[in-house]
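Hi,

Here is the structure I promised to hand over. Have a look first, and my notes follow below.

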Amino acid sequence: MTSYGDDATVRDILTAKGDTWAVVGLSNNTARAAYGVARVLQSHGKRIVPVHPKAETVLGEPGYASLAEIPFEIDVVDVFVNSALAGEVADQAVAAGAKAVWFQLGVVDEDAYARTTAAGVAMVMDKCPAIEIPLLG
């Protein structure tokens, strides 16, 4: 199996790319993985920014309907949409000036990975930051 984002890239995104994480697909549905992961990110000092068509306030943070509507700098875009939609989100993240893109477990788009990294933006696919953060030690 191909790995998209080695340990050094994972560590760099989690520790050095910045603490403002847009979580695409995050809503107030506590049963969804995005909610649990966003809560873990918050517990590790990250500011989460919900991005969802409903633009709900989630975990105390105001939401936005799209990345383009966020009026401040985003460091990392964490993507909780299916692989068919994820490439477009990666392109939007690059256009928005994000320093990194993170595709969650099960989200893979090799063309998006190639485009994003070619644009000089760090990227990880098919991994979960809530699993990786505790491994940093």
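The largest nonpolar core has 24 residues, and those touching the most other members are Ala22, Leu67, Ile70, Val77, Val79, Val101 and Phe103. By nonpolar core I mean a set of buried Ala, Val, Leu, Ile, Met, Phe, Trp, Tyr and Cys residues joined through side-chain atoms within 4.5 Å; buried is under 20% relative accessible area, exposed is over 50%, and partly exposed is in between (1.4 Å probe, protein chains only). Two or more residues each come from β1 (20-24), β2, β3, α3 and β4 (100-103), and α3 gives the most, with four residues. Helices (H or I, at least four residues) and strands (E, at least two) are DSSP runs, numbered from the N terminus. There is also a second, separate core of 22 residues, which includes Val10, Val23, Val76 and Trp102. As a rule, nonpolar side chains in soluble globular proteins tend to be buried together.

Before you go further: this is a predicted model, where local features need pLDDT of at least 70 and side-chain atom pairs count only at pLDDT 80 or more, while totals for chains, interfaces and linings use all residues. Residues are numbered from 1 along each chain as its sequence is written, and side-chain values use heavy atoms, with hydrogens and water left out.

Ile70 is in contact (heavy atoms within 4.5 Å) with Ala22, Val49, Val51 and Tyr64, leaving aside neighbours within four places in sequence.

Next, helix α1 (residues 7-15). Its buried residues are Val10, Ile13 and Leu14. Seen down the axis of α1, they fall within an arc of 95 degrees, so they line one face of the helix; the arc is that of the directions from the helix axis to the C-beta atoms. The buried residues pack against β1, β3, β4, β5 (122-124) and α5 (129-132). On the face turned away from that buried side, α1 carries the exposed residues Ala8 and Thr15.

Then there is a helix pair. The axes of α3 (residues 83-95) and α4 (residues 110-118) come within 9 Å and cross at roughly 10 degrees. That makes α3 roughly parallel to α4 (angles under 35 degrees count as roughly parallel). The axes are lines fitted to C-alpha atoms, for helices over the stretch in contact, and angles run from 0 to 180 degrees between N-to-C directions. On the α3 side, Gly87, Ala90, Asp91 and Val94 meet Ala112, Arg115 and Thr116 of α4.

Two loop residues are worth a click. Asp75 sits in the loop between β2 (47-51) and β3 (76-79) and is buried, at 8% relative accessible area. Among its contacts beyond four places in sequence are Lys17, Asp19, Thr20 and Lys99. Lys99 is in the loop between α3 and β4 and is partly exposed, at 36%. Outside its sequence neighbours up to four places away, Lys99 touches Lys17, Glu73, Ile74, Asp75, Val121 and Ala122.

Finally, backbone angles. Most residues other than glycine have a negative phi. Ala55, though not a glycine, has a positive phi of about 50 degrees; it is in the loop between β2 and β3 and is partly exposed at 33% relative accessibility. Asp126 also has a positive phi, of about 60 degrees, and is found in the loop between β5 and α5, partly exposed at 23%.

Cheers

Definitions and conventions: Angles under 35 degrees count as roughly parallel, over 145 as roughly antiparallel, 65 to 115 as roughly perpendicular and the rest as oblique.
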